[in-house]
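Me: I have some questions about the terms used for this structure. Please set each value against its rule.

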Amino acid sequence: MLRVRFSAIFTLLILGICPLSVLAQGQERGSVTGIILDMETGNPLDYATISAFRQRDSLLISGAISDASGSFDMELPYDFYYLVVEFIGYEALSTRFFELNSQQDKIDLGTLSLSSTSQDLDEVVVQAEKSSMELALDKKIFNVGKDLGNAGGTAVDILGNIPSITVDVEGNVKLRGSSNVRILVDGKPSGMVSFRGSAGLRQLQSNQIERVEVITNPSARYEAEGMAGIINIVLKKERRQGINGSFEFLGGYRPNYGLGTVLNYRKNKLNFFLNYSLAYRVPYNYSTLDQEVYNSDTTLISLQTSESDTKTLANTIRVGADYFFDEENILTASYQYRRTDVRRLRYLVYRDFVNNRNNLVTTTNRMQDEDEHGPYSELAVTYKKNYKKKGQELLIDARFLTYDELSDQIYTQSSIFADGSPNVRDNQVQNSFNDEFERQYILQADYVHPIGKEGKFELGLRSSIRDMKNDYLVSEQDENGVFNPIPELDNIFIYEENIHAIYGIIGNKSKRLTYQAGLRAEITDVTTILEETNEENPRNYSNLFPSVHFTYNITPSHALQLSYSRRVRRPVYRDLSPYITFSDSRNFFSGNPDLEPEFANSFDLGYIHYFDLGSISSSVYYRHTIDKILGIRTVDDRGFSSLRPENLATEDAYGLEVIASISPYKWWKSDWNINFFKAQTDGSNLDEDYIADTYSWFTRLTSRFNVVPGSDLQIRLNYEAPQELPQGRSKSRTFADISFSKDLWEEKGTVTLNVIDIFNSSFRRTIIEGPAFYSVGEFGRKARQINLTLVFRLNQAKNNRKGLLDG
């Protein structure tokens, strides 16, 4: 049945696309060519977007993307046109008008140079709006500022609004249905995610982010980490002459207050930049768990509820400077510091029954009171050398990251029997100190050397040295009021990780075919130590990670890409740490010191097409994984559960993804994403019942309406289908957002109102079952989020994309 559905979907996709490409056939056609370069460096810009507009009505007729040499070749029916060239981080460029006819069927526009330096606003004749989504075959680029739903949010909220990506209510990020994704900031690892995982991104405000790049099958240039691919978050930074920037003010319910600024000042060879944000928010989370445990002669029933308030105050500042020695040599230095202070109050209630729900035995209340402080800093120095030969460059980057998390928690628990008498045995007062420290050094060098007219060779080195320490202690109060350490919860866990890599890539172009092959070698040395008990677990392994990419341009507006790469997911600190979380006295979470890395071979066949009303990108993908890492839940005869990661034998994942961006009318723009995936998971190495053959899908539709000049209305609908799991299944989710924005002060300001999760329906619902237990859980935010944001721009156009028409 699933095979039939996939075949039908794929057939409909092809049948739907093909007529679009035939519409323009039968007309006499010419071609226009050119080369896209960086104005400052002279380097070619690959994957720049070139859009052809008809002169008389500015109708979009066709589009193309530049290749690795910056070149493009576009076929068009005879008529009068102009082109708009766009590339992330540069101002859009509109060309002169030109005509294609029988006497002049080939136009060479020569070199088109894009600049990051703005012109005075009153010199601008045409402003091209910044696209919210830019599609390339090897990656997809999303300009987050155009999405009204991102106003007032965090990096986690932004990722949840991007095609291909889903985020659950606990902040866990998935790409194409897989949680094994590598998240980078400005193309490099960041302490925001290296220590706390994707949850650390809740402290990164949306007003600091310029764009997000999604790379589903990375080349050897990138780290091999990340089974499903890479998500790269690019922070805002300008290089414009003079002073410019923006200021943002936020107010929201539940409490969500903040302010932020992005400022830039450049004069001649020196460019300063400053990003600052202050945020205070109080998310309110709620969960329930209904669990039955079957013993030989009794059934234990437990109804559990949890409510939490997490008051979070986050200060983030990033300062830096670029120094242009000349056009070929640029030195950049930056420093980022963030401090997060958290006060977490969590209230749990356990109601325990025997055999039926009318036979209540005990009611237990537990409260967690936690103070947490987390300073983070990052120092980065980057040198870029552009040689005289076009496309030849050297990039050297050095970074030092520190992250500390200091946590002091008090747990108070009281219990009573059904008749109201005290259940003294389950009364507890516990104290937990959990101090975590991380230090990481990263050194990376990348060199690109052109070969012939359009080929190139790349060579790179990377070393990462990372040390983490977790001092963990749980004490329990005795009848005399004295706190005594619990022996098995008193230790120091040390994690030492050294990864060294070298890679090489060679690529070229032959007519319509562009090809690239790469090989990356990584040496991994990981050691974990339990200091108090003198337990040491060293791991050393070396691996090769090949990658191959082929791109075939059927026409300038139609292209296919086939790619392959080998990927890895290494167990990290939290996967290996044996410490048990203690906030919940019935449901425990811990790492697995014996966990092995998982490896995957990933294949992707992609298609992209530009047509009159927009663009469509589709891909079919397959991923084979060995030693799949997945959390396995076990329940003892008391009904107490433990969740820890284990290595399952294999997983085979298949999928079909379609992303479309269409503008039926000038006042209406719609983005649509749908992803079908099938996963066959084999965990029979652990238990013969740990077998899952699941198929699921999710879709997201975003429509933006510009009915009144200067105002925008945006509606987003999301649906995630049910999915089978090795130990049960997750249920479907449906939720919606709505946003409205209005320009103020001649587009120098914008006010945005958004409502996230209008119907409060984004709860995650699961059913987990094992040989002797059955549980139903629900997790999510208790209340929808409402945000009001005001942005003021200083010497900055609203869309930051400008160009001139040269009559």
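Me: In strand 35, what is the bridge partner of Ile-674?

Reply: The model is a predicted one. In it, Ile-674 has Thr-699 in strand 35 as its bridge partner.

Me: What makes strand 34 and strand 35 a pair?

Reply: Two strands pair if there are at least two bridges between them. Strand 34 and strand 35 (residues 691-705) are joined by 15 bridges, so they count as paired. They run antiparallel.

Me: How do you know that strand 33 pairs with strand 34?

Reply: The rule asks for at least two bridges, and 14 bridges join strand 33 (residues 641-665) to strand 34 (residues 668-682). These strands therefore pair, and they run antiparallel. They form a hairpin with 2 residues between them. Opposite Leu-656 stands Phe-676 in strand 34.

Me: Why is Trp-668 called partly exposed?

Reply: Buried means under 20% relative accessible area and exposed means over 50%. Trp-668 has 26% relative accessibility, so it counts as partly exposed.

Me: How many aromatic pairs are there?

Reply: The count is 20 aromatic pairs.

Me: Why is the pair of Phe-53 and Tyr-82 called stacked?

Reply: Ring centres must lie within 6.5 Å to pair, and planes under 30 degrees apart count as stacked. For Phe-53 and Tyr-82 the values are 5.5 Å centre to centre and 15 degrees between the planes, so the pair is stacked. Phe-53 is in strand 2 (residues 49-54) and Tyr-82 in strand 5 (residues 79-86), 29 residues apart. Both Phe-53 and Tyr-82 are buried.

Me: What makes Trp-668 and Phe-705 a stacked pair?

Reply: Their centres are 5.8 Å apart, with 25 degrees between the planes. The limits are 6.5 Å and 30 degrees, so this pair is stacked too. It links Trp-668 in strand 34 to Phe-705 in strand 35, 37 residues apart.

Me: How do you know that Arg-586 sits over the ring of Tyr-350?

Reply: CZ of Arg must be within 6 Å of the ring centre and within 35 degrees of the ring normal. Arg-586 lies over the face of Tyr-350 at 4.4 Å from the ring centre, so the distance is within the limit. Lys-385 lies over the face of Tyr-387, at 5.5 Å from the ring centre.

Me: Which residues have the most contacts inside the largest nonpolar core?

Reply: They are Leu-159, Ile-165, Ile-209, Val-212 and Ile-233, in a core of 23 residues. Helix 2 gives the most to this core, with 4 residues.

Conventions
Residues are numbered from 1 along each chain as its sequence is written. This is a predicted model: local features need pLDDT of at least 70, side-chain atom pairs count only at pLDDT 80 or more; totals for chains, interfaces and linings use all residues. Side-chain values use heavy atoms; hydrogens and water are left out. A nonpolar core is a set of buried Ala, Val, Leu, Ile, Met, Phe, Trp, Tyr and Cys residues joined through side-chain atoms within 4.5 Å. Buried means under 20% relative accessible area, exposed over 50%, partly exposed in between (1.4 Å probe, protein chains only). Rings of Phe, Tyr and Trp (its six-membered ring) pair if their centres lie within 6.5 Å; planes under 30 degrees apart count as stacked, over 60 as edge-to-face and the rest as tilted.
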